[in-house]
Amino acid sequence: AGDHEFTGYQARFSTSPQRVLSGGAAFNWGDFYNGERTGFTSSVTLAPGYHLILNAGWDRNDIVLPGGSFITDLVRTRASYVFSPRTVLHAFVQYNTDTNQVASNIRFNWTYRPLSDIYVVYNDTRLTPSGLTRERALIVKVTRLISF
């Protein structure tokens with residue numbers, strides 16, 4: 001309970017996102033509750049054309065507290081495919097070593113008329129290494145602009 005203030009620092013490097021292959025990395029450090037956190041973040045993006053964008057990244061945090069220390073990793077991948085300016089498919093998958101879970105989100109978006117969309121979203125969370133499903137959802141959302 002209560003407020004917690006942290007002081008943190010970061011050094012970052014990145015290349016131009018307009019290139020076919022781009023990426024970046026950051027190193028950060030600072031306070032974490034009554035201990036310290038040191039972290040590293042990296043990502044690489046491949047965009048071979050207008051239709052396809054692929055991204056992979058890795059975050060690592062090393063936490064040191066008076067009661068113990070731990071390291072957590074988050075590995076993520078993202079893919080987007082643009083069928084047309086009005087139809088897009090996005091997929092996101094991440095693995096968290098702290099929770100031993102793989103989470104995925106797949107979203108299809110079709111803009112069938114200006115400011116009117118149909119979204120179909122599938123979410124899935126699985127425990128590793130067993131592969132048991134923890135959560136699963138299929139969501140459909142329809143929006144329509146009504147002018148009057």
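Trainee: How many aromatic pairs does a search of the whole structure find?
Mentor: The model is predicted, and side-chain atom pairs count only at pLDDT 80 or more. Rings pair if their centres lie within 6.5 Å. The search of the whole structure gives a total of eight.

Trainee: How many residues apart are F6 and Y33 in the chain?
Mentor: F6 sits in the segment before β1 (8-14). Y33 is in the loop between β2 (21-32) and β3 (35-46). The pair links distant parts of the chain, and the separation is 27 residues.

Trainee: Is F6 buried, partly exposed or exposed?
Mentor: The relative accessible area of F6 is 40%. Buried means under 20% and exposed over 50%, so F6 is classed between these limits. F6 is partly exposed.

Trainee: Which residues does the cluster that includes F6 contain?
Mentor: F6 is paired with Y33. Ring pairs link the cluster, and its members are F6, F32 and Y33.

Trainee: Which strands hold F40 and W58?
Mentor: F40 and W58 form an edge-to-face pair, 5.7 Å centre to centre with 65° between the planes. The two residues are 18 residues apart, and the pair links distant parts of the chain. F40 lies in strand β3, and W58 lies in strand β4.

Trainee: Over how many bridges do β3 and β4 pair?
Mentor: A hairpin of five residues joins β3 to β4. Across the pairing, T38 stands opposite D62 in β4. The pairing is antiparallel, and the number of bridges is eleven.

Trainee: Which residue in β3 is the bridge partner of A25?
Mentor: β2 and β3 pair in the antiparallel sense over twelve bridges. They form a hairpin with two residues between them, and Y33 in the turn has a positive phi of about 50°. The partner of A25 in β3 is S42.

Trainee: Which element gives the largest share of the lining of the largest pocket?
Mentor: The largest pocket has a volume of about 150 Å³. It is lined by 15 residues, with R12, S14, G23, G24 and S43 nearest its centre. The elements that give two or more residues to this lining are β1, β2 and β3. The largest share, five residues, comes from β2.

Key: Residues are numbered from 1 along each chain as its sequence is written. This is a predicted model: local features need pLDDT of at least 70, side-chain atom pairs count only at pLDDT 80 or more; totals for chains, interfaces and linings use all residues. Side-chain values use heavy atoms; hydrogens and water are left out. Rings of Phe, Tyr and Trp (its six-membered ring) pair if their centres lie within 6.5 Å; planes under 30 degrees apart count as stacked, over 60 as edge-to-face and the rest as tilted. Helices (H or I, at least four residues) and strands (E, at least two) are DSSP runs, numbered from the N terminus. Buried means under 20% relative accessible area, exposed over 50%, partly exposed in between (1.4 Å probe, protein chains only). On a 1 Å grid over the protein atoms alone, a cavity is a set of points where a 1.4 Å probe fits but cannot get out, and a pocket is an open set with protein on both sides within 12 Å along at least five of seven lines; lining residues have an atom within 4 Å of a point. Grid points are joined across faces, edges and corners, and a volume is the space filled by probe spheres set on the points. Two strands pair if DSSP finds at least two bridges between them.
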